[in-house]
Amino acid sequence: MPRYSTLINLVLFVLTALLAINIKMSAPKVSTNDWLAAAKYRRSVYGLKGTSKVPDSRVQEIVEEVLAFAPSSYNTQPVRVTLVTGEKHTQFWDIVIDIAEPILKAAGDAVWDKMSGILQSHKASYGSVVFWEDTTVTEEAKKTHASYAHLFDSFGEHATGMNQILVWTALELEGLGANLQHMNGIPPVEEALKKFLDVPASYKLRAHLNYGDEPAAHKDTVPPKRPASETFKYVH
Ligand SMILES: Cc1cc2nc3c(=O)[nH]c(=O)nc-3n(C[C@H](O)[C@H](O)[C@H](O)COP(=O)(O)O)c2cc1C
């Protein structure tokens with residue numbers, strides 16, 4: 001009898017394991033065209049409001065989910081993210097504007113006249129998802145995979161980009177608008193933001209998504225693109 005129950009237990013174990021494998025491996029119930037339509041829905045949205053119909057906890061959940069599955073070279077995972085909302089988000093933009101102002105003014109009054117309005121409109125948005133690359137991970141990977149060392153700087157960029165597009169799309173599917181900014185274009189701004197957000201010296205600012213409620217109905221028309229005849233080739 002004990003042998004018999006062992007056999008039953010074994011069969012049950014195998015069946016449960018098979019079921020688990022099946023559950024894990026079956027594709028989610030979203031069609032390829034639905035997935036593409038969702039990705040296509042993402043737009044650069046400007047003039048964002050200082051409100052968010054999506055709770056911060058949900059944005060956090062989305063970012064953590066993306067970080068938990070997005071790809072990176074050799075699965076090295078160099079991407080780090082800071083979510084900034086509320087008063088901290090306003091202070092974030094005050095820092096950007098204070099430091100950028102003399103630098104942009106030095107480039108000419110016309111540059112500052114144009115940029116100050118743009119920066120103020122970013123400041124008026126609700127929050128930022130800030131994407132960093134932890135360069136200690138990148139430097140370590142260069143040693144571990146020495147023959148590919150020359151590729152890891154760009155791999156770090158690719159990995160953060162993949163996280164960016166996933167979070168950007170997800171936030172817009174939630175009903176928010178977002179635009180992608182690169183304040184790392186002004187190095188002293190990056191240094192000040194690192195201090196303000198208290199991240200390690202090894203972090204490099206790669207981009208940040210400004211987000212908030214949309215000022216108008218979502219514009220889902222894709223901006224004009226080059227024809228496939230120019231961008232695609234099928235070799236067979
Ligand atoms: C790598 C990359 C860098 C970008 N940098 C900026 C940026 O610094 N500021 C900005 O307003 N938009 C930026 N954008 C947004 C593009 O201008 C925008 O994606 C493009 O015009 C197409 O519009 P869409 O986002 O609505 O499809 C960037 C996009 C990518 C992919």
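1. Asp198 sits in the loop that joins α8 (187-197) to β4; helices (H or I, at least four residues) and strands (E, at least two) are DSSP runs, numbered from the N terminus. Asp198 counts as exposed because it has 7 C-beta neighbours inside 10 Å (buried means 20 or more other C-beta atoms within 10 Å, exposed 12 or fewer, partly exposed in between, with C-beta atoms placed from the backbone). Between Asp198 and Thr82 the C-alpha to C-alpha distance is 9.9 Å, although they are 116 residues apart in sequence.

2. This is a predicted model: local features need pLDDT of at least 70, side-chain atom pairs count only at pLDDT 80 or more, and totals for chains, interfaces and linings use all residues. Residues are numbered from 1 along each chain as its sequence is written.

3. An open, antiparallel sheet is formed by four strands in the order β1-β2-β4-β3 (two strands pair if DSSP finds at least two bridges between them). β1 (79-85) and β3 (177-181) are the edge strands, each with a single partner, so one side of each has no neighbour in the sheet.

4. β3 pairs with β4 (residues 203-212) over five bridges, in the antiparallel sense. Within β4, Leu209 is the residue opposite Leu180.

5. Leu180 is also one of the residues surrounding the ligand, together with Arg43, Ser44, Asn179, Gln181, His182 and Pro223 (near means a C-beta atom, placed from the backbone, within 6 Å). The shell has two nonpolar, four polar and one charged residues (Ala, Val, Leu, Ile, Met, Phe, Trp, Tyr, Cys and Pro count as nonpolar, Asp, Glu, Lys and Arg as charged, the others, Gly among them, as polar).
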